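Me: I am new to this structure. Please show me how to read its features, one by one.

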Amino acid sequence: MALLDILTFPDPRLRTKAKPINEFTDELNTFIDDMFETMYDAPGIGLAATQVNFHKQLVVIDVSEDKSEPYCFINPEITHKEGAEVCQEGCLSVPEFFADVTRAENITVKALDRNGKAFELEADGLLAVCIQHELDHLNGKLFVDYLSPLKQQRLRKKMEKLAKQKASA
């Protein structure tokens, strides 16, 4: 397994809309394993393929504390949303920044697993928030898009400054 490079905001590749996956290969399974390893190492609870510059509809999630509940969603689609809750979110592509975002409280998602088998999942709480956050990535949307234009501008400047500091280090 290998760690993948995570793109950081404001990298324009994060705005790419992901395409469906139609072939289930050994290479795809290896890539899924690499995504899980990258997510756990970061450390994070969710990672969309777009964040590692692979623009296909693939998300890995594990909100458990002991890394025992890994989910793989391929070509995911939220089919039902209910309620609303405000949660503080962070993102591996926007390190060290957190903001309140309003998300649906309960969702139903349908997807394919890593073997191409269809499944449906009802989720609430942190899992529901994480699924919605990661599926936004597949549509080229980041949680910072829910912020005011002023906060977005400040964050962009801060992230660009951090990127310059890393590049010169």
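The dialogue below goes through a helix, a pocket, some aromatic rings and a few backbone details.

Me: What kind of model is this, and how are residues numbered?
Reply: This is a predicted model, in which local features need pLDDT of at least 70, side-chain atom pairs count only at pLDDT 80 or more, and totals for chains, interfaces and linings use all residues. Residues are numbered from 1 along each chain as its sequence is written, and side-chain values use heavy atoms, with hydrogens and water left out.

Me: How many residues does helix α1 have, and what span does it reach?
Reply: Start with the terms. Helices (H or I, at least four residues) and strands (E, at least two) are DSSP runs, numbered from the N terminus. The expected span of a helix is 1.5 Å times one less than its number of residues. Helix α1 covers residues 26-41, which is 16 residues. From first C-alpha to last it reaches 23 Å, close to the expected 22 Å.

Me: Which residues of α1 are buried?
Reply: Buried means under 20% relative accessible area, exposed means over 50%, and partly exposed lies in between (1.4 Å probe, protein chains only). In α1, the buried residues are L28, F31, I32, D34, M35, F36, T38, M39 and Y40.

Me: What covers the buried residues of α1?
Reply: Contact means heavy atoms within 4.5 Å. The cover includes three strands: β1 (46-48), β2 (58-61) and β3 (71-82).

Me: How much space lies in the largest pocket?
Reply: The general idea comes first. Rolling a probe the size of a water molecule over the atoms shows where empty space is left. The search uses a 1 Å grid over the protein atoms alone. A pocket is an open set of points where a 1.4 Å probe fits, with protein on both sides within 12 Å along at least five of seven lines. Lining residues have an atom within 4 Å of a point. Grid points are joined across faces, edges and corners, and a volume is the space filled by probe spheres set on the points. Here the largest pocket holds about 350 Å³. It is lined by 22 residues, and the closest to its centre are I45, E89, G90, C91 and L92.

Me: Which elements supply at least two residues each of that lining?
Reply: Among them are β4 (85-91), β5 (94-103) and α2 (125-138).

Me: How does the lining of the largest pocket divide by class?
Reply: Ala, Val, Leu, Ile, Met, Phe, Trp, Tyr, Cys and Pro count as nonpolar. Asp, Glu, Lys and Arg count as charged, and the others, Gly among them, as polar. The lining has 13 nonpolar, six polar and three charged residues.

Me: How many aromatic pairs does the structure hold?
Reply: A pair of aromatic rings is described by the distance of the centres and the angle of the planes. Rings of Phe, Tyr and Trp (its six-membered ring) pair if their centres lie within 6.5 Å. Planes under 30 degrees apart count as stacked, over 60 as edge-to-face, and the rest as tilted. The structure holds five such pairs. One of them, Y71 with F73, is stacked, at 5.8 Å centre to centre and 25° between the planes.

Me: Why is the pair of F73 and F119 tilted?
Reply: Their planes stand at 40°, so the pair is tilted, with ring centres 5.7 Å apart. F73 lies in strand β3 and F119 in strand β7 (residues 118-124), so the pair ties together parts that are 46 residues apart in sequence. Ring pairs link Y71, F73 and F119 into a cluster.

Me: Is F73 buried or exposed?
Reply: F73 is buried, at 0% relative accessible area. Y71 is partly exposed at 25%, and F119 is partly exposed at 24%.

Me: Which peptide bond at A42 is cis?
Reply: The bond from A42 to P43 is cis, with omega near -10°. A42 touches I6 and L92, not counting residues up to four places away in sequence. The bond from F9 to P10 is also cis, with omega near 10°. P10 is in the segment before α1.

Me: Where does K67, with its positive phi, lie?
Reply: K67 lies in the loop between β2 and β3. Its phi is near 60°, and it is not a glycine. E96, in strand β5, has a positive phi of about 65° and is not a glycine either. K67 is partly exposed at 48%, whereas E96 is exposed at 70%.
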